[in-house]
Amino acid sequence: MTPTPFIPSYLPETPSQTAGPYVHIGLMPEQAGFEIFANNFSGDIATPDVAGQRIIIEGRIFDGAGHVAKDVLIETWQANAAGRYNHPADTQNKALDHGFRGWARTGTDFTTGLYTIRTIKPGSVVGRKGRKAMAPHVNFWLASRGINIGLATRMYFGDEEAANTDDPVLNIIEQPERRKTLIAPRSERDGVVVYTFDIHLQGQRETVFFDV
Amino acid sequence: MTSQAEFHQRDRDIHPPAHTPVYKTSVLRSPRIPLWSLQNSLSEVTGPIFSPAELGPLDNDLVLNYAKQGEAIGEQTIVHGYVLDGNGQPVSNTLVEVWQANAGGRYRHRNDTYIAPIDPNFGGCGRMLTDERGYYFFRTIKPGAYPFRNRINSWRPAHIHFSVFGTGFAQRLITQMYFEGDPLIPHDSIIATVPDKSAADRLTARLDLNASRPLECLAYRFDIVLRGRRQTLFENKLQGS
């Protein structure tokens, strides 16, 4: 008699819970007000050995009352200047920059609400199933008090109009007006290129968030 | 494992929705327009990788990693378990970060003004990488319950916050672990945001006497499940190279 084959069932994902107001303790202890780890993760990932154009990404997070949220964790994930992710699953034939992990973490300032990421501008990455290039973008993930499950969005660059127009992800967003919530305008300040990416959690100018 | 395979769709019925009036802060911090569903590209199936060299030798020992004149005060506790994906496979070499209040329910944070005192020898955070079996462990002080401004008399059950990465950024997860038998669990507004009634149970660590150290330290077992990747059948690879 043939034994019944073992068919594994899928395990349900562990449910998300809010990061709470003190997320800094675990993920950014210096912002919480103390030093504990010899090595801290940061939002400044454009170290001197990294190739590419230096940029600053900054902005504020607004709640549904238009009030600035000052306790938000922001993480970003991006490709290097050549458009390749520092991850073994990315097998594009492009240069890998070993000194650039591509991941940044920061928090909004307790007083001003401003967040700042110092990084490099990513190159274009091949799209889903290798079909079509995606416009240069930075993947964002937000967590905080009042946010029950991390919010995923993308930031695109205001000076990449042609690429943005062809981007396969922006184009799945039905309303062209809403695509604009993901495009950060470029400016220069003291000779440094700054992209301003404000995020609206709710309301008239609500940012597009993705179920990835 | 460096699979390019896409992740299973996240089962949103397991997770709390964004807008949960029982937890008041969520009301103004929840998007009202539905999320746009985005099929995975390289941007979602890849994610940051961490190395053991980035961590310190005491990073997973909260009893000692902020000890100044002595050890932290409270119930010494080991928390351990496995990080698995939805297919039951171990998630190895992934970063697990934890943070929590001290034995009295007070957080070491400039914005926490609760009357319970700071413990000068307790920081309240730790981190570790899972091993090849997906296993992690850390030692800590069991945290106390603490009040928060939701309803007038809202108290959080004892809990430890967890942050986990996985192998792709789409697996990124922050959650909270509770302790078996805590009578505050059924009264908690944050647990109540989860619609799946078995969820509170899956967020509750079990007392694990077999892992305790006699005359030293109790132990709790907490396993974490991240999203699994699809077994891609009859389909082009995610990225055609």
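Where in chain B does B:Q171 lie? I looked this up first in what is a predicted model, and I found B:Q171 in the loop between β8 (159-164) and β9 of chain B.

**Entry: B:Q171**

I then asked for its surroundings. Is B:Q171 buried or exposed? B:Q171 has a relative accessible area of 2%, and buried means under 20%, so I noted B:Q171 as buried. Leaving out residues up to four places away in sequence, I listed what B:Q171 touches: B:F7, B:R10, B:D85, B:V164, B:F165, B:G166, B:L226 and B:R227.

**Entry: the interface of chain B and chain A**

Next I turned to the contact between the chains. I read off 94 residues from chain B and 84 residues from chain A. Which residues of chain B lose the most area to chain A? I found B:R29, B:W36 and B:L38, which together make up 12% of what that side buries. I put the area that chain B and chain A bury between them at about 7900 Å², with 58% of it on carbon and sulfur atoms.

How many salt bridges does the rule find across the interface of chain B and chain A? I noted eight. I looked up the one between A:R105 and B:E97, where the closest N and O atoms are 2.8 Å apart. On the side of chain B that touches chain A, strand β9 (residues 173-179) gives the most, with five residues. I also sorted the residues of that side of chain B: 40 are nonpolar, 34 polar and 20 charged.

**Entry: strands that pair between chains**

I was pleased to come across a strand pairing here. Strand β14 (residues 210-211) of chain A pairs with strand β1 (residues 36-37) of chain B in the parallel sense, over two bridges. I followed A:F210 to its bridge partner in β1(B), which is B:W36.

**Entry: positive phi**

Phi of A:D190 is near 50°. I placed A:D190 in the loop between β11 (186-189) and β12 (192-196) of chain A, where A:D190 is exposed with a relative accessible area of 77%. Phi of B:L215 is near 65°. I found B:L215 in the loop between β10 (204-207) and β11 (218-221) of chain B, and B:L215 is exposed too, at a relative accessible area of 92%.

Technical notes. Residues numbered from 1 in each chain as written. Chains lettered and ligands numbered in written order. Predicted model: local features only at pLDDT ≥ 70, side-chain atom pairs only at ≥ 80, totals over all residues. Heavy atoms only, no water. Contact = heavy atoms within 4.5 Å. Buried area = accessible area lost by both parts, 1.4 Å probe. Salt bridge = Lys/Arg side-chain N within 4 Å of Asp/Glu carboxyl O. Helix = DSSP H or I, 4+ residues; strand = E, 2+ residues; numbered from the N terminus. Nonpolar A, V, L, I, M, F, W, Y, C, P; charged D, E, K, R; others polar. Pairing = 2+ DSSP bridges. Buried < 20%, exposed > 50% of the residue type's maximum accessible area, 1.4 Å probe, protein only.
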